[in-house]
Every structure is written in C-alpha cells, then in structure tokens.
Amino acid sequence: MAAKDKETDIQKIRANYANADMYGVYASYTSIGLLCSEEMALAMGETTLAGKYKEYAGRIRTGMLRLLAVGPDNNRTWRVTRNSVLPSLQDCLVQTWFSLYKEGLDPQKMDEDMTPISRNTLKSQLNQKYGDAPVLAMGYGIGWLTHSALVLDQMDNTGRLLINIARYSYDKNMDYADEKQKTDWRKWMWIIPEGSNIMPDGRWYRICDLSNGANQGPAMNAMEICAGVDDAQSGLVRLLPRIPEPLTGLDVSNFSVCTSDGTNNLNALINYTYERGKSFRLKSNIKLPKLDIRFGPYSTQEQANNISTGNKIKGQCKRTYHTVRHLSR
C-alpha cells in the first residue's frame, strides 16, 4: 500500500482509479459546484477558466450516467454504494437535494437525463419496508427522503412524510411543567431528534441527541422546500409552493432572496400566504425585476385554474409573471 501511495506515473494512477468500485453518486454530483464556479468565472471575465470548469463537470456527468446508473433501460436507478449512509441509503437521491444551487426547484427544468433516474430511485426508496416513516434518522432518513419527494412533486407521499416528521418528533412525556424546579418541559415537546425508535405496538420514543444539527437540518430543509423559493437563476425569482394533503396552506415570512436587475445584485425579503386552491397574497420589500409563480402541483387542470382568480400581489414588482401550471401527481 505504501508503494502505491508514492506512485507518480499519471497513467498508472488513472488506471488504478478506473478499476475502482468506490465511486458514488453523492460525491460525484457535488460537481454541480463546478458549474456554479463556471458562472462566477464568466462574471469575472475568466472565460478560459470557466470553460475548464464546464468541461470537467461534463466529464463527471457523463461518467455518472455511464457507471453509476444501473438496471434495465426502462427503470434505471442510481447505484447504492457500499459505504452509503444508513439507515435508509438516501444519498443516491443527491440530485434532488443540491438542485436548488444550480438547477432550481422545478423538476421540469432539471437535467433531462439524470432526473428520470432520480425519480426511479425515489420510487425504489419509497417501496422499502419503512415506507413513509424512515425515522430512525430524522435527517439522513426521512428528512432527505421528504426533500426529494417534494422536489420531484411526488405529492401522494410528501403529505405522509411531512406528518411523520412532526409525529415522531413529538414526545408526550414532555407535556408538563415542574413548578418545584421551575422548569417548563413543554418547550421540548416538538424538538426534532436525531431519530426515533418505533415499537412493534406503534409507540415510539426519541433517541440520541435532541436538536442534532446534522439530522435537524435536512428535516427543516424539507419544510423549506414547501415554501418553494427558487432564486437559482440570476434576475428571476420563482415561487413553487408545495402543499400536499392534509396540509391546507402556507405562511412564509421574511424569506431572503437574491436577484438582479441586470446591473445590480439585489436582496429582497418576501412574505406570502397561500391557501391551496383558494388564494395567494405576496409582498416584497423591494422591486422584483422578474417573478414567476407556479401554483400546484394539482391533479386536475380545473384545480390549477381556480387559483388564478384569487391571487393578489402587493408592492413593487416591475414585471410579474403568473404561471398557473397543472402537474399530474
């Protein structure tokens, strides 16, 4: 092993890596950062450097499609690596977690070759024994899975997944105040834990750390995707709210977005309320040069059209675009 570590022949090094079987979807898809770097390089006038970033990102994408997508042509899924994150092996859904950095939150605008593979992978994950409750890990399990289902508009599952994040974060034993010790334990009733253990009779108890950031974060990110604020494209703010049943609405306050008027970068704070299928109200503290709103996804076009008669946008949008779109569940 020591001799291999000291190898300097580039051809031998490449041959060694070419025969490796440890390549993973998670590590590979982070190459989307190269495409973000390409944008920054172009903004700085570094066209040669931008070209290198783009070319290398393209090579990794090609390698992923060739080596990491497995199964028959009509049902290709992302390969689960040997060191995949337990308990639910969700890291192969990484495209849907990192899409907001470059591709945005609209699955119809995501990579046309990679997204169908992610959809098939999601279906495979949802068909595991744990179903909609992989709560042994709130972040690495149900948090990641819910985030993926939301981004891919898999609305039949997301409602149950979101409810289970709340249900298994709850601890009824905290529903009391200790007057003698002057401690009100009720403030910890709903803290997202590192995980929950479900007993055979349906009871559960929270395990490990309370408010563990690595697990609390993905669960909170999944809720953030419901708000659907997408500023991945320069100069365009897109709203793609997702309200799966049994939820009925959203109330979003002081959500920070970045945009541009073509000359200056702008930071805005937006507030909106949305009742699914009924009404929409939006306010921004500054002019938004361009705004696109997708209401849905709905199971019928009639449901999608109903919202267009009850929306209202206040304040300072130079140009506003309403996209009332029907997306089949």
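**Helix H8 and its surroundings**

Modeller: The axes of H8 and helix H10 (residues 213–227) come within 7 Å of each other and cross at roughly 15 degrees (axes are lines fitted to C-alpha atoms, for helices over the stretch in contact, with angles from 0 to 180 degrees between N-to-C directions; helices are DSSP runs of H or I of at least four residues and strands are E runs of at least two, numbered from the N terminus). This is a predicted model, in which local features need pLDDT of at least 70 and side-chain atom pairs count only at pLDDT 80 or more, while totals for chains, interfaces and linings use all residues. Residues are numbered from 1 along each chain as its sequence is written, and side-chain values use heavy atoms, with hydrogens and water left out.

H8 and H10 are therefore roughly parallel to each other (angles under 35 degrees count as roughly parallel, over 145 as roughly antiparallel, 65 to 115 as roughly perpendicular and the rest as oblique). Their crossing is left-handed (the near helix is turned anticlockwise from the far one by less than a right angle; clockwise would be right-handed). On the H8 side, the contact (heavy atoms within 4.5 Å) is made by Met-138, Gly-139, Tyr-140, Gly-143, Trp-144, Thr-146, His-147, Leu-150 and Val-151. H10 answers with Ala-214, Asn-215, Pro-218, Ala-219, Asn-221, Ala-222, Ile-225 and Cys-226. Sorted by class, the contact of H8 with H10 holds eleven nonpolar, six polar and no charged residues (Ala, Val, Leu, Ile, Met, Phe, Trp, Tyr, Cys and Pro count as nonpolar, Asp, Glu, Lys and Arg as charged, and the others, Gly among them, as polar).

H8 (residues 138–151) also packs against helix H9 (residues 155–167), where the axes come within 9 Å and cross at roughly 150 degrees. That angle makes H8 roughly antiparallel to H9. The crossing of H8 and H9 is again left-handed. Here Met-138, Ile-142, Leu-145, Thr-146, Ala-149 and Leu-150 of H8 meet Thr-158, Leu-161, Leu-162, Asn-164 and Ile-165 of H9. The contact of H8 with H9 comprises eight nonpolar, three polar and no charged residues. Met-138, Thr-146 and Leu-150 of H8 take part in both contacts.

The spaces in the model complete the picture. The largest pocket has a volume of about 650 Å³ (on a 1 Å grid over the protein atoms alone, a pocket is an open set of points with protein on both sides within 12 Å along at least five of seven lines, a cavity is a set where a 1.4 Å probe fits but cannot get out, and lining residues have an atom within 4 Å of a point). Of its 15 lining residues, Tyr-23, Tyr-56, Arg-59, Ile-60 and Gly-63 lie nearest its centre. Helix H2 (10–18) and helix H5 (47–68) each give two or more residues to this lining, and H5 gives the most, with nine. By class, the lining of the largest pocket has nine nonpolar, three polar and three charged residues.

The second largest pocket holds about 450 Å³ of space. Glu-39, Met-40, Asp-231, Ala-232 and Ser-234 are the closest to its centre among its 17 lining residues. Helix H4 (32–43), strand S9 (249–260) and strand S10 (265–275) each supply at least two residues of this lining, with H4 giving the most, four residues. The lining of the second largest pocket is made up of seven nonpolar, seven polar and three charged residues.

How values were computed:
Points joined across faces, edges and corners; volume = space filled by probe spheres on them.
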